[in-house]
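Try each task before you read its solution.

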Amino acid sequence: MKRISILLTSVCCLILASCNTSGSGSLFDGNSTDKWATTGQVFVEDQVLTLKGENASAVLKNGKYKNFTLHMDVCTSPGGKGAVWFHTTPTLGKGYQVAINNDREDPVWWKMSGSLISVRNLTKSFVKEEEWYKMDIQVDGNAISVHINGAPVVDYIEPASPYRVGPHATATISEGTFAIVSSGDGDIRIRNIEVTVLPEKNFTEVNTQLIQAVNEQTDEIIRLHQEDFPVLDYHVHLKGGLTKEVAARQSRQTGINYAIAPNCGIGFPITNDQEVMKFLTEMRSEPFILAMQAEGREWLTTFSQEVRDEFDYVFTDALTFADHKGRRTRLWIPEETWIDEEEKYMDLIVDRICEVLQEPMAIYVNPCFLPSPMDERYDEFWTEARMNKFVDALAKSGKGLEINELYNIPNKAIILKAKEAGVKFTFGSNNVTPEVSDLSYSIRMKKECGLTAEHMYKPSIKI
C-alpha cells in the first residue's frame with residue numbers, strides 16, 4: 001500500500017505540474033534591470049547587478065520555471081548576505097531559498113553560501129567576502145542540487161511528503177520565478193545570470209527519485225534544519241574504509257555536515273607538523289570543517305602551536321594519562337587500566353579530567369568516560385560531588401563539551417549541569433567504521449535537556 005501511495009502521489013504531481021513556459025538564456029544583459037522588478041537599493045554598474053543593504057530585492061518578471069539549471073556569479077562585500085529564491089512568486093509567497101552568506105563571523109554560522117535554507121543548511125563557507133564565485137542551482141524533477149565553483153554542496157531529493165513547519169511550510173517543489181533578496185547590511189553583487197530549461201521527468205524517472213528520498217515524516221535531521229538548529233557532526237574520522245569522497249556524498253544525502261578529524265599523536269596516523277600540513281593541503285578545499293584530535297598528553301610538544309592553529313578547532317579527551325604509579329594508562333584498553341580500589345580510581349579519573357581541561361584545546365570529547373567494568377555503574381560513580389567538581393572546572397576552562405555517540409556519554413545529569421553553567425556543546429560520532437552516526441543520542445539529549453542553537457559551539461572556520 002505504501003508503494004502504491006507513492007506512485008499515485010507521483011502521478012498527481014506530474015499531472016498538476018505545469019511545464020516551463022519561460023525559455024533558456026541570459027536573465028541579465030549587464031546594462032539594466034529591465035527584466036527584474038526591484039525594490040530598495042538595486043542598481044547596475046560595470047555589468048554587475050548590485051543589491052545594497054537590507055530589504056533590497058530583484059524578482060524576475062514573468063518567469064515561470066520548473067526544471068532548470070540557474071547559473072550566476074556572486075560576490076559579497078563585508079556584511080552582504082541574502083538568498084536566491086526559486087519556484088517563487090512576485091511577492092515571495094512560496095518557494096525555496098539558496099543562501100548567499102560568506103560572513104564567518106555571522107552568529108547564524110550554519111547557513112552559509114549554497115545552503116538550501118532550512119532543508120540542507122551548510123556550516124562551511126567555501127569562499128571569502130570580496131571574492132567572486134560561481135553558483136549553480138538545479139531542479140530536475142524532485143532532485144535539487146547546488147554547486148559552488150563546480151563542487152556539489154547540496155544533493156537533495158524532495159520526498160512525496162516533505163516535512164515542513166512554520167515559515168518554511170511553502171518551501172516545496174512547484175514552479176515559479178526567480179528572485180534575489182538582500183538581508184544584510186552589505187552588498188550582494190551578481191553577474192552572468194543564465195538559465196537552462198530542463199525537460200520534464202516522466203513517471204518512471206520521478207518515481208525512481210522518490211524511492212531514493214528520505215522519509216521525512218520519521219527523519220530527525222530535517223526537523224533540526226526546519227528548527228534552524230546547526231546540524232553538524234563535530235567528530236568524524238576517515239577510517240575503516242570511509243574515504244573523503246564517500247563521506248562528502250553521505251553528508252549531502254543525510255543532511256548532516258561533517259567535521260573531519262585525523263588522530264594526531266605518537267602512534268597515530270599523523271605524528272608531526274609536516275604530516276599535518278600535508279593533510280590540510282589535501283582537505284582544505286573539501287566540504288568539511290577540519291578538526292584536530294590531539295592524542296595523549298604529549299601532543300603539546302609533538303605539534304607546534306602554529307600548525308595546530310591551522311585547524312578549525314582542536315579537541316582532545318582524558319582517556320590517556322599517567323596513573324598514580326606513573327603508568328601510561330589508556331582507559332579503553334583493559335590491559336592498560338589498573339583498578340585497585342574503584343572509588344579511589346574514580347577520584348583519579350576526575351582529577352585527570354580536570355588537568356586535561358587546562359590544555360589549550362577547544363572541546364573536551366569522549367567526556368566522562370569510565371573503563372570497564374566501572375562503566376556498568378556510570379551514574380553511581382558520577383556522584384553529585386564529582387559532577388560538580390568536573391562541571392566547575394569545565395566552565396572555568398571555557399571548553400566545549402561533546403555529546404558522544406560512540407559511548408552515549410555524558411549522561412543527562414552532567415549535560416544539564418553543564419548547560420546551567422553556560423557550557424557550549426558539540427555532537428560527535430567518533431566513528432570507528434564507515435557508518436557515521438545519525439546523531440540519535442545527541443538529538444535525544446538535545447530534546448531532554450532543552451538545548452537550542454545558542455547552546456552549540458561555534459567553530460572558527462578557515463578556508
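Two exercises with worked solutions follow.

The model is predicted: local features need pLDDT of at least 70, side-chain atom pairs count only at pLDDT 80 or more, and totals for chains, interfaces and linings use all residues. Residues are numbered from 1 along each chain as its sequence is written, and side-chain values use heavy atoms, with hydrogens and water left out.

**Exercise 1.** Find the buried residues of helix α12 and the elements they pack against.

*Step 1.* Helices here are DSSP runs (H or I, at least four residues), strands likewise (E, at least two), numbered from the N terminus.

*Step 2.* Buried means under 20% relative accessible area (1.4 Å probe, protein chains only). In α12 (residues 440–449) that picks out Tyr441, Ser442, Ile443, Met445, Lys446 and Cys449.

*Step 3.* Now look across from them: these buried residues pack against α3 (220–226), β20 (400–404), α11 (412–420) and β21 (425–428).

**Exercise 2.** Describe the lining of the largest cavity.

*Step 1.* On a 1 Å grid over the protein atoms alone, a cavity is a set of points where a 1.4 Å probe fits but cannot get out; lining residues have an atom within 4 Å of a point.

*Step 2.* Of the 20 lining residues, Leu122, Val153, Ser251, Asn257 and Pro287 are the closest to the centre of the largest cavity.

*Step 3.* β9 (151–157), α4 (244–254) and β13 (257–260) each supply at least two residues of that lining.

Notes: Buried means under 20% relative accessible area, exposed over 50%, partly exposed in between (1.4 Å probe, protein chains only). Contact means heavy atoms within 4.5 Å. On a 1 Å grid over the protein atoms alone, a cavity is a set of points where a 1.4 Å probe fits but cannot get out, and a pocket is an open set with protein on both sides within 12 Å along at least five of seven lines; lining residues have an atom within 4 Å of a point. Ala, Val, Leu, Ile, Met, Phe, Trp, Tyr, Cys and Pro count as nonpolar, Asp, Glu, Lys and Arg as charged, and the others, Gly among them, as polar.
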